[in-house]
Protein chains: 2
Amino acid sequence: MSPPFSRWSDPVLGTVDTQREHPGTSCPTDSQRRAPNLGDERAMMTSQGELRRKVKMGVRSDSWTQVSCPCCASDQVEPLVLIHLAPDVQPTTKKWIMSRIEAPEKDGGAALLAHPGEDRDGDIILVSAPRCTLLHVTEELGLCKLYEDGSMTPFSYQDRSSFKNIDDMQEFMTVAERQYVVKYELDSLRVQRDLYIPGLPEAKGLLRARGSIFQKLEKVGVIQAVIPLHDQSQLDSLAKAWYSGKQLWSQPLDSIQAYFGGSVAFYFSFLDFYTWALVPPALLGVVLVFLLPAGGAVAEAGKGDEDGPSVSGHMVQAVFSMLWSTLVMELWKRRSSSLSYRWGTLQLTERFAEPRPGYHGTMGYSPITGRLEPHFPSWQRNLRVGLVSLPVVGLFLGLVVLGIAGFYRGEALVKEVHEHRGSLFSAGLLYVPSLAHIVYVNFLGTVYSKVALALTEWENHREESSFQNHHTTKVLLFSFFNCFAVLFHIAFVKQDLPLLRKRLSSLLIVTQLVNQCTEVLVPFLVDRFLSSSEKNLKEDDPKVDKVRAQGSLPPFPGLFAEYIELLVQYGYLSLFSCVYPLTAVLLLINNVTEIRSDAFKICRLFRKPFSAPVSNMGVWQAAFEVLGFVSVISNCWLLLLSPRVKEFCQEAGYSSRNVLLFAILVEHVLILIKMILAFAIPDEPDWVRIKREEIEYHSLQAFNQQKL
Amino acid sequence: MSPPFSRWSDPVLGTVDTQREHPGTSCPTDSQRRAPNLGDERAMMTSQGELRRKVKMGVRSDSWTQVSCPCCASDQVEPLVLIHLAPDVQPTTKKWIMSRIEAPEKDGGAALLAHPGEDRDGDIILVSAPRCTLLHVTEELGLCKLYEDGSMTPFSYQDRSSFKNIDDMQEFMTVAERQYVVKYELDSLRVQRDLYIPGLPEAKGLLRARGSIFQKLEKVGVIQAVIPLHDQSQLDSLAKAWYSGKQLWSQPLDSIQAYFGGSVAFYFSFLDFYTWALVPPALLGVVLVFLLPAGGAVAEAGKGDEDGPSVSGHMVQAVFSMLWSTLVMELWKRRSSSLSYRWGTLQLTERFAEPRPGYHGTMGYSPITGRLEPHFPSWQRNLRVGLVSLPVVGLFLGLVVLGIAGFYRGEALVKEVHEHRGSLFSAGLLYVPSLAHIVYVNFLGTVYSKVALALTEWENHREESSFQNHHTTKVLLFSFFNCFAVLFHIAFVKQDLPLLRKRLSSLLIVTQLVNQCTEVLVPFLVDRFLSSSEKNLKEDDPKVDKVRAQGSLPPFPGLFAEYIELLVQYGYLSLFSCVYPLTAVLLLINNVTEIRSDAFKICRLFRKPFSAPVSNMGVWQAAFEVLGFVSVISNCWLLLLSPRVKEFCQEAGYSSRNVLLFAILVEHVLILIKMILAFAIPDEPDWVRIKREEIEYHSLQAFNQQKL
């Protein structure tokens, strides 16, 4: 057994006794954290459970920096995060970074454990978190944990002995949470005064007071990546349960949440929920197309351009689609809140935690938490959002419309030219508008994504979630506009239903084919190709090489692409479904494979992503709901345009003005019904509400009992 | 000086030592209230301040029932509430009621002070509240009070010495709050097991276990009224500052809040705010009508039926009205939340306090507060609201429409008959439809008001505010429909703008005249008449007779009529203002007198009402906001109908279908802008948000620090 207070023994740097550097640091505390007045005996006792754990990865604990409190001393340390440094990094820089990581919080450190890696290259640092840090951050984030009475209760460090599994960090927190704690602590590393980073040239090594250390280091290229490490055996068993085909009807959501964290788990939960929700419209579509006589002819998109489904079928589809989209989103909200309770994220306190690293402003003591932090007035942020971001986004959306207009104009022009001249050159010209439009759209997209990020950064959001929501909203609007502008143009301006039907069905089929290719075939091939390079690592290769290999995977591109794919699908379905009733069937087939391929992608093809604990889908929820409202308008309009309805009205002798007025009335009534429904269905199940109110009541009681 | 523990000495009932009846009750505590472990010395010390107070009404304290805790003993007691009993009530019943009032909470009493009155009739009980009860209920309701650091903080009994003015109940709580505390305690008086009320015949005296005592007593007629008492000198000075004409531009809102309580103060604050908000549309109206050449002709409603304002004036008015209504409501929300902070109602905890007396369900321990109380599942309530109340309300609205249709049909019929016959009888017939309609509407209104109350009662709401909101919504919808159905019919179905203009201006002028009559003249006359009877009481008459005289005033009819008047005004203004641009001017004139007459009414003509501490206008806020959205639709439509716009379009050669489509587009865009505006303007000022988050953070901290 190695002694509980291991010494820093680095092959490159030699032995440094950091205990001497920070004398008398017995526990990580900062102004924020109340001094944990636990008896040392009990602390030692509880850490016995931890000592008993065998950590899967056999990094010798004596290579780790020491823990700064005795209760966290442990024989085995679990490496959680890999910091990938530039190859040319100076040993002094690396040493300084490690010292920042392992310094206690009151000295402005991260109170984590660092390991220099076992090879001589010295371009990696492994980071782990001692028990005290894990517990303190759990409290700071407002995570709920299983209390002894079986309910999920906001974790309290003071009362930690009443929480279940408190002796066993691997049981108490999920691996995703432990890794997020490390990221949270690394992100909140700041310097107290202006400082030159050791080992860097003066020109780029200057760190301003209260600047984020890791942000700076990433900017100057010292840190290349911060990667949460995979746990191979856990990953293998998760992958087996997830996409190996055994469980066809469900996904192991709890295991996903434990391993990949909240935001990933919420995506897959929604995907699951949404796929099941597609069953009723798919059934309806099948009934309308194959079983009712009138609609039979339009089943294949290619033929039957002239007729649509029967009037009654059309109406049924439109009203059903409206009710369905409302119900799905309301039920999802209830599901979402019960998942959030189960995963302990119902009471997140992000607004009281450390601000995100990029947040800046005049330094001052927060009137709320009393902590020293930057302050940026929210009215100023609102002004920036309203007077700059909004117009800029509007401008770009205008440019998209302009592009489409230009494309149509150009197409008409070259057609005319071709008809006049009829030469080979003019035939080639026919392709120019399409090509120009594609180039234009891509260029616009690239510029916009940069602008959106810069704008959101400039808006200076305090919370990461708020930043993400604003950024997502911007990109989302643009992507959505890009996808649907043409369809809306066809539906509302050209008013050409057959063309819309053609476009929609070809889009659906093309999307599906492209999806199947990029998400199933390519990953499969890549895996074959990649896994061979991975298999070069033999069983007995050093663990460190395996760790290092994870850094060679491409970074996870984020869930944006996945969500927008779902949203666009949902858009096809709810906005235009009455034009092409089989949409839901195609989407259902697509999603069943989508679940598997997304799971495979995140497990095998990319680095593991950090994933913050979240309590819902954030802005995506709102996006789906807004789409529901737009779909009412769109369906009413499509109903109005449908040739059958036109015919029907002409036969009955209604004037087109009256029909239009009637459609407006129906639209307003449907929107009213939708709002009443959304209002009447509670957003959380009763039992979640009771649990939440219980916690609120207890904290009120606590507030009243304390002396301020 | 009388001894601090006064004995019950009633001229009718004789002396009863209730201290002996409840031995060892040193302080009012119930399962809910933590035993206040204050040192007795300090408690006696702080009550010295109270002893020093001279209460304005010289009821000898030795006629009061004794206080059950030593710290609340006082020489002078302030009578707060008058309970008016039936004249034939038995002395044993009265004695039993008083014993319930003065028993400590742990014995199921109200922990208040009761006084039998000084005359021999014995049909009144005066009630006051000792300091401990006042403070405990303040905490239970979640009222904020001035903390020593100058911020409004939720009152904590434990930490009471840190609050300002804690030694002086008259300063610490407003008189309205003290009276509400008495009502709250009386309402929560319940019996623990089945019991026959002493002195009542068995047939009607049975009180079921957990039944509300006061509800039962009022039902069987033992209690005729529970009236908060006026404080004449305070009332006089308030009245002087309020409506005696000195302060023309502002109302003493804080004094109103202190004397009449939260809901009344919020009504007058809104009236004030809204009247100021009328200035811009009034100016615009004046400019459009008198200064712009095109609109000049329509200034008088009687002539110029054929032309409306110019197109551009029309547009300006419509867009302005849309923006104005949004801004007014958003700014009011901000004002409302800062008032709520100032008045300490930002953190009300009604859902954790005692349920309203009428609430029933299976008895059980609440999972939230742990208190024994009835439980009624909320899904069942939602079902009742959705499946019964909603259709019933819809039915009545349908009956209103039916009535209008019937009226028009009948009118057409009698006109035809008159034209055919032309006799005196048929001329008399012309009045029948109007009369029948008036009778029908009144009958419907009477039935509906009963049905609405019964339905809301049957929905079984736990909180008083929720009950009020549901009840108000029901009555509101009906009243609003009654007012506007005819106007909507003219605008949307008949599409007859000149008639609409005529109706609107005559409604406005008639409403004003009726208002001036009923709210200024009648009150003035009534006051002359009433005050003479009041003046029969000479200066040296017993105080008790003066108190009793307050019971002879009619009960305050509530704020509903006042709010609906404002809402209807606001409806005229925002829904149809572009038809009659001078609306705002007329309303502005009306409101300036309205403020004075409403103030006079509440001060002089009615009993003082109980008024719960509230944090906003409740459902009225939503009603005004919804009206804002409806107004966009209505304005777009009126714009479309305007003859000038029609002319303009015909000249420009747009087809009516395209104009209609354009109007729809404009409507949707305006609603979108409205929603974005409402979303972008924060509902509370930044400083209120910070204060609120500060409290949330502290209670989180307290939660984390305690052991559950």
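A:Ile197 touches A:Thr93, A:Trp96, A:Gly205 and A:Leu207, leaving aside residues up to four places away in sequence; two residues are in contact if their C-beta atoms, placed from the backbone, lie within 7 Å. The model is a predicted one, in which local features need pLDDT of at least 70 and side-chain atom pairs count only at pLDDT 80 or more, while totals for chains, interfaces and linings use all residues. Residues are numbered from 1 along each chain as its sequence is written, and chains are lettered from A and ligands numbered from 1 in the order in which they are written.

A:Ile197 itself sits in the loop between β8 (195-196) and α7 (202-205) of chain A. Helices (H or I, at least four residues) and strands (E, at least two) are DSSP runs, numbered from the N terminus. With 23 C-beta neighbours inside 10 Å, A:Ile197 counts as buried. The label "buried" asks for 20 or more other C-beta atoms within 10 Å of a residue's own, "exposed" for 12 or fewer, and "partly exposed" covers what lies in between, with C-beta atoms placed from the backbone. A:Ile197 and A:Ile97 are 100 residues apart in sequence, and their C-alpha atoms are 9.1 Å apart in space.

Now for chain A as a whole. Chain A holds 25 helices and twelve strands. Of its 708 residues, 36% are buried. Among the contacts in chain A with a separation of 6 or more, 72% join residues 24 or more positions apart.

Two packed helices are described by the angle between their axes and the distance between the axes. Helix α20 (residues 560-576) and helix α22 (residues 619-641) of chain A pack at about 25°, with axes 8 Å apart; such axes are lines fitted to C-alpha atoms, for helices over the stretch in contact, and angles run from 0 to 180 degrees between N-to-C directions. α20(A) and α22(A) are therefore roughly parallel to each other. Angles under 35 degrees count as roughly parallel, over 145 as roughly antiparallel, 65 to 115 as roughly perpendicular and the rest as oblique. From α20(A), residues including A:Tyr563, A:Leu567 and A:Tyr570 meet residues of α22(A), among them A:Trp620, A:Phe624 and A:Leu627. This contact of α20(A) with α22(A) has eleven nonpolar, five polar and no charged residues. In this grouping, Ala, Val, Leu, Ile, Met, Phe, Trp, Tyr, Cys and Pro count as nonpolar, Asp, Glu, Lys and Arg as charged, and the others, Gly among them, as polar.

Helix α21 (residues 583-605) of chain A has a kink of about 25°, centred on A:Glu594. The bend at a residue is the angle between axes fitted to the seven residues ending there and the seven starting there. A:Glu594 is also one of the buried residues of α21(A), which include A:Leu587, A:Asn591 and A:Asp598.

In chain B, helix α21 (residues 583-605) is paired with helix α9 (residues 232-243): their axes come within 10 Å and cross at roughly 170°. α9(B) and α21(B) are therefore roughly antiparallel to each other. B:Leu235, B:Leu238, B:Ala239, B:Trp242 and B:Tyr243 of α9(B) meet B:Arg596, B:Ala599, B:Phe600 and B:Cys603 of α21(B). By class, the residues of this contact are eight nonpolar, no polar and one charged.

Backbone angles in chain B also deserve a look. Most residues other than glycine have a negative phi, and most peptide bonds are trans. B:Ala111, although not a glycine, has a positive phi of about 55°. B:Ala111 lies in the loop between α3 (91-102) and β4 (113-115) of chain B and counts as buried, with 29 C-beta neighbours inside 10 Å. B:Asn460, again not a glycine, has a positive phi of about 60°. B:Asn460 is placed in the loop between α16 (432-459) and α17 (464-494) of chain B, and its 19 C-beta neighbours inside 10 Å make it partly exposed.

Finally, the two chains meet. In this interface, 38 residues of chain A are in contact with 39 residues of chain B. On chain A, α14 (378-421), α24 (656-680) and α25 (686-705) each supply at least two residues of the side that touches chain B. α25(A) gives the most to that side, with twelve residues. The residues of the side of chain A that touches chain B comprise 15 nonpolar, 14 polar and nine charged.
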